[in-house]
Amino acid sequence: MYIEESCGRLECIGNEREQLEVAIMTEEYSGSDGLLSEWDSNFGIEFDGSWSNENKNSIREAVLKTGEKIGEGLRASDAFKSVYGDNFTFSICGQGVGPGCNNNYRMKTIDSNHITYNPSVGFYPSWMGDYSRRNVRLVIHEFGHAFNKAVCDIVAVDATICSGSIDPPGSPYYDLGNSGLVGGGYGDVGTSFNGFAGGVDEWQFRYSEEKGEYFADMFLGWVNGNLGPQRADHMNSYMPGYLSILSP
Ligand SMILES: [Zn+2]
C-alpha cells in the first residue's frame, strides 16, 4: 500500500482500518506521525504523556474494533464518537494525572471519555511475548466500563450517582445484575469458560466478581462476537437500546 502523491492524506486511503495500517507503516518507515495524528483526530482520541508506539497502536486497534462493532458498517470513527464523545483522553499515571492512579490496575476507566494507564503496575507474566494482542482486549474491556458510564450519565436521575457504587435502572450494570449471568458458575454453564471465549487474561479481564466487571468482559466478547449463547443473547437484546439512548 502507498499513499497517492497527489493527496498525502488519510481520506485518499480506503476504509479506516486500511488508513490505520498505512499510517502505522508510514510512521515506522519515515518516522512521520502526521497520518496517525490525523487518524486519532478523526476518532476523537488523544494521548497525554509519553506513550510507546506499541501501546498507542494497541489502543488504536481497540478503538477501531469497538467503533466497527458499534457502527455495524457505518464509519467506525463516527460510531465511536457517538458513544464516547468527541474527546477521549488516554493519560499516563505520574505524568500530570491524579484521579484513577491510586490503585493497582494497569488500565483504569475514570470517566466515559477518560482512561488512565499505570506503567508502574507490573507486566502480567502471562502477557510475555503477547503484549499487544492482550492489551487490545484489556482496553476494550475498559471501553465496556466507559460505555456503562456514558449510559448511566443519561439514565440516572442524578448523574453524580454514576461515579459511585449505585447502578440506576436502565444502566448496563443494573440490567446485567438482574440477568442471572453474574458470578462464577452462572451463565452458559455448558461451555468451557461460562460463556467467555477464554480464561483469565485471555478473554476475561475482571479483577473481581462484581457485575460491572462481568459487563466489561461481556462487552469485550460482544465486540469480538465470541460470547456463549446466553451471554450473547443478553448483549444482543440490550445493546441496541443503550446505543439508541446514546445516539438518538
Ligand atoms: Zn474492569
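## A tour around helix α5

Start by selecting α5 and helix α7 (residues 211-224): their axes come within 8 Å and cross at roughly 120°. An axis here is a line fitted to C-alpha atoms, for helices over the stretch in contact, and angles run from 0 to 180 degrees between N-to-C directions. Helices are DSSP runs (H or I, at least four residues), numbered from the N terminus.

That angle makes α5 oblique to α7; under 35 degrees counts as roughly parallel, over 145 as roughly antiparallel, 65 to 115 as roughly perpendicular, and the rest as oblique. The crossing is right-handed, a label used if the near helix is turned clockwise from the far one by less than a right angle.

Before you zoom in, note that this is a predicted model, where local features need pLDDT of at least 70, side-chain atom pairs count only at pLDDT 80 or more, and totals for chains, interfaces and linings use all residues. Residues are numbered from 1 along each chain as its sequence is written.

Next, pick out the contact residues (C-beta atoms, placed from the backbone, within 7 Å). On the α5 side they include I140, F143 and F147, and on the α7 side F215, F219 and L220.

Which residues of α3 and α5 meet? Among them are I59 and A62 in α3, and V136, V139 and I140 in α5.

Key: Contact = placed C-beta atoms within 7 Å. Helix = DSSP H or I, 4+ residues; strand = E, 2+ residues; numbered from the N terminus.
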